Amino acid sequence: MVTLVTGGSASGKSAYAEGLVLESPARPRVYAAAMEPFGEEARRRIERHRQLRAGKGFETWELPRAADYGTIPAGCAALLECVTTLTANECFGPLGFDGAEDRIVAGVAAFCQRAADAVLVSGDLFTDGMTYPAETERYLQVLAGVNRRLAALADRVVEVCCGIPIVIKE
């Protein structure tokens, strides 16, 4: 089962997604962490997420690049936190924007094929109505393409709004 969970910042999407993985009978439980520890803010967020997972039986896999996602244990319950960050890593990393969408989708598809239950978290960054610099707009275009393709791949798509899960696709 592949579930894509989307939502705005602080919507409750991560807590909902984690709950899905905790309900899965598959083992081990893998937390695929995409964030790279660039700067103090990132380190604080990483530590906060580690504390929130403590005692829940997750194995944390630091996977900042899409090519690494096919390495998780076969048959596991896996949470990818998050596609938004993975997309930024790919677009602004060494390989750049060219081919980023395809790299991300291929890596996440390999992740989903290895997991018995895969839960993918992605942020909704598209509803603020703001105009951004060209490089940010290009990132948002890649993320939108990734989200569309992952939604097509997923068995279930859920948007979380104010902590309430809204099933878009079942």
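**Entry 1: Asn147**

I began with a side-chain pair: Asn147 and Ser122 are joined by a polar contact of 2.7 Å. For a polar contact I take a pair of N or O atoms within 3.5 Å; within protein, one must be able to donate a hydrogen and the other to accept it, and residues adjacent in sequence count only if both atoms are side-chain atoms. A reminder to myself: this is a predicted model, where local features need pLDDT of at least 70 and side-chain atom pairs count only at pLDDT 80 or more, while totals for chains, interfaces and linings use all residues. Residues are numbered from 1 along each chain as its sequence is written, and side-chain values use heavy atoms, with hydrogens and water left out.

I placed Asn147 in helix H5, residues 134–153. Helices (H or I, at least four residues) and strands (E, at least two) are DSSP runs, numbered from the N terminus. Is Asn147 buried or exposed? I count Asn147 as buried because its relative accessibility is 12%; buried means under 20% relative accessible area, exposed over 50%, and partly exposed in between (1.4 Å probe, protein chains only).

Leaving out residues up to four places away in sequence, I found Asn147 touching Leu4, Val83, Ser122, Gly123 and Phe126. Contact here means heavy atoms within 4.5 Å.

**Entry 2: the sheet**

Next I traced an open sheet of seven strands, ordered S3-S2-S4-S5-S1-S6-S7 with mixed pairing. Its edge strands are S3 (58–62) and S7 (164–169), each pairing on one side only. I use "pair" when DSSP finds at least two bridges between two strands. Neighbouring strands of this sheet are turned by 20° against each other on average, direction ignored.

Then I looked at S4 (residues 77–81), which is largely enclosed by the rest of the structure because five of its five residues are buried. Ala77, Leu79 and Glu81 cover one side, and Ala78 and Leu80 the other. S4 runs parallel to S2 (residues 29–33), with five bridges, and Arg29 stands opposite Ala77. On S5 (residues 117–123), S4 again has five bridges in parallel, with Ala77 opposite Asp117.

S1 (residues 2–7) joins S5 through six parallel bridges, and Gly7 has Gly123 as its bridge partner in S5. H5 packs on the sheet, touching S1, S5, S6 (156–161) and S7, and its direction makes about 150° with that of S5. Such angles run from 0 to 180 degrees between N-to-C directions, with axes as lines fitted to C-alpha atoms, for helices over the stretch in contact.
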